[in-house]
Amino acid sequence: MFDRYKAGEQAILVHLDFPDENAREDLQEFEMLVSSAGVNALAIITGKRNTPHIKFFVGSGKAEEVAEAVKLHQANIVLFNHALSPSQEKNIEALCECRVVDRTTLILDIFAQRARTHEGKMQVELAQLRHMSTRLIRGWTHLERQKGGIGLRGPGETQLETDRRLLRERMVNIRKRLERVEKQRQQGRRARTRAEIPTISLVGYTNAGKSTLFNKITQADVYAADQLFATLDPTLRKIEIEDVGRAILADTVGFIRHLPHDLVAAFKATLTETREAELLLHVIDISDDRRTENIEQVETVLKEIEAGDVPQLLICNKIDALENIQPRIDRDDTGLPIRVWLSAQSGVGIPLLFQALAERLGKKIVKHNLCLPPNEGKLRGIFYQLNSIVDESYDEDGNCLLKIKLPAREWDRLIKLTKADIEGFIER
């Protein structure tokens, strides 16, 4: 009864317009969700209501229209672009005599198809179990009576109670395993903090081009496709930024309107990379007519995961889809980069992105002229490893004369880690 439906289903889509902005969904986005799930849409039934119908959500007349469309097109599933209550799902299923799936379940199904890592699969399963726990009664109304009869008399636990108990036990088990994953992530973050390596997190509306940009910057091979939720599992890669040094770039799951709260809670470990990042790269599909709405939705989710105060750099992606738009950096009144216009697909504007990152993340730059004695060859090697040597020469006494340039934090770290008196080698 509760198995995830398989791709290739023949579906009738149902979409309603509501005057309340908070209840309104986007039909075009719904069609993309359906396509991403691998479902074939046979017909779309639309309508308008001020408030949802308590029994059928769409109203009795519209519900009859949906049932007739199911019979006419021989569909085997009805997909709603809205969140339905368990009783509404049950009533519509009885009328249409086929499976009914709401928007939340559809998104969960897409996530289940996309999850590749063990962690991602556990997160999706936890979200599905949370959602399923409110709908168990739909499948077991015929088993609500207690067990009885010869060999079946016992504590009197109903089938429904048994399933709820098993569900709770499974959810507790998954939470414990995800907590262990979270501890491992925290250890990695603490190590990066000790090494003072900044973390940059890619965020944005789903299908905005985050993974394509990630691949272009890091030369990685992360799965990227023109579909919703192509990326679920977080991927971290090291990058080099001028005047900053090493940084960690994180690719994360895309956001969407009314992202189910069960998913937000399940992906807490993944979204922590976003919450604790030093800078967010908010990737925007600048060719999308709904870009303003998408930006607002991303901001809403960022607030939900307590990342609303993290500094952002807007990435206006897909400029190659527009005419007469050149790559550029937009700055605020103080000269700080706030927007970068580029194309992740073609690579146009990527150097400008690195320039903006250097300006946003680059702290105070230290420049010194050092005079290292011959026995300090190890220290000289460290400066070479940091790629901080601007010029090198030797005096008549064999001392190494170095001109160095490096971030202040690297300089301070060297002073703490090395036993040599680095400041004593500075030429006054």
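Modeller: Gladly! Helices and strands here are DSSP runs, helices being H or I with at least four residues and strands E with at least two, numbered from the N terminus. Keep in mind that this is a predicted model.

Colleague: Thanks, let's start with a loop. Between which two elements does E97 lie?

Modeller: E97 has a phi near 60 degrees, a positive value in a residue other than glycine. E97 is also exposed, with a relative accessible area of 67%. Its loop runs between α3 (86-96) and β4 (99-101).

Colleague: And N324, is that residue buried or exposed?

Modeller: N324 sits in the loop between β9 and β10 (328-331). Its phi is positive, about 60 degrees, although N324 is not a glycine. Exposed means over 50% relative accessible area. N324 has 75%, so the residue is exposed.

Colleague: Moving to β9, how many of its residues are buried?

Modeller: In a regular strand, side chains alternate between the two faces of the sheet. On one side of β9 we find Q312, L314 and C316, on the other L313, I315 and N317, and both faces are covered. The strand, residues 312-317, is therefore largely enclosed by the rest of the structure, and the buried count is 6 of the 6.

Colleague: Nice. Which residue of β9 is the bridge partner of D285?

Modeller: Strand β8 (residues 279-285) runs parallel to β9, and 6 bridges join them. β8, helix α11 (residues 291-304) and β9 make a right-handed β-α-β unit. Within β9, D285 has as its bridge partner N317.

Colleague: What is the bridge partner of L314 in β11?

Modeller: β9 also pairs with strand β11 (residues 337-341), in the parallel sense and over 3 bridges. The partner of L314 in β11 is R339.

Colleague: Let's look at R103. With which side chain does the side chain of R103 make a polar contact?

Modeller: R103 is found in helix α4, which spans residues 103-114. R103 counts as buried because its relative accessibility is 3%, and the cut-off for buried is under 20%. At 3.1 Å, the polar contact of its side chain is with the side chain of E29.

Colleague: Now the second largest pocket. Which element gives the most to its lining?

Modeller: This pocket has a volume of about 430 Å³. The elements giving two or more residues to its lining are β6 (235-241), β7 (245-251), β13 (389-394), β14 (400-407) and α14 (408-417). With 3 residues, the one that gives the most is β14.

Colleague: How many residues of that lining are charged?

Modeller: The lining of the second largest pocket holds 21 residues, of which E240, G245, L386, N387 and P407 lie nearest the centre. They divide into 9 nonpolar and 4 polar, while the charged residues number 8.

Colleague: Last one: in the hairpin of β13 and β14, which residue takes a positive phi near 90 degrees?

Modeller: β13 and β14 pair in the antiparallel sense over 5 bridges, and the partner of E392 in β14 is L402. There are 5 residues between the strands, and the residue with that positive phi is G398.

How values were computed:
Residues are numbered from 1 along each chain as its sequence is written. This is a predicted model: local features need pLDDT of at least 70, side-chain atom pairs count only at pLDDT 80 or more; totals for chains, interfaces and linings use all residues. Side-chain values use heavy atoms; hydrogens and water are left out. Buried means under 20% relative accessible area, exposed over 50%, partly exposed in between (1.4 Å probe, protein chains only). A polar contact is a pair of N or O atoms within 3.5 Å; within protein, one must be able to donate a hydrogen and the other to accept it, and residues adjacent in sequence count only if both atoms are side-chain atoms. Two strands pair if DSSP finds at least two bridges between them. A crossover is right-handed if, with the strands pointing away from the viewer, the path from the first strand over the helix to the second runs clockwise. On a 1 Å grid over the protein atoms alone, a cavity is a set of points where a 1.4 Å probe fits but cannot get out, and a pocket is an open set with protein on both sides within 12 Å along at least five of seven lines; lining residues have an atom within 4 Å of a point. Grid points are joined across faces, edges and corners, and a volume is the space filled by probe spheres set on the points. Ala, Val, Leu, Ile, Met, Phe, Trp, Tyr, Cys and Pro count as nonpolar, Asp, Glu, Lys and Arg as charged, and the others, Gly among them, as polar.
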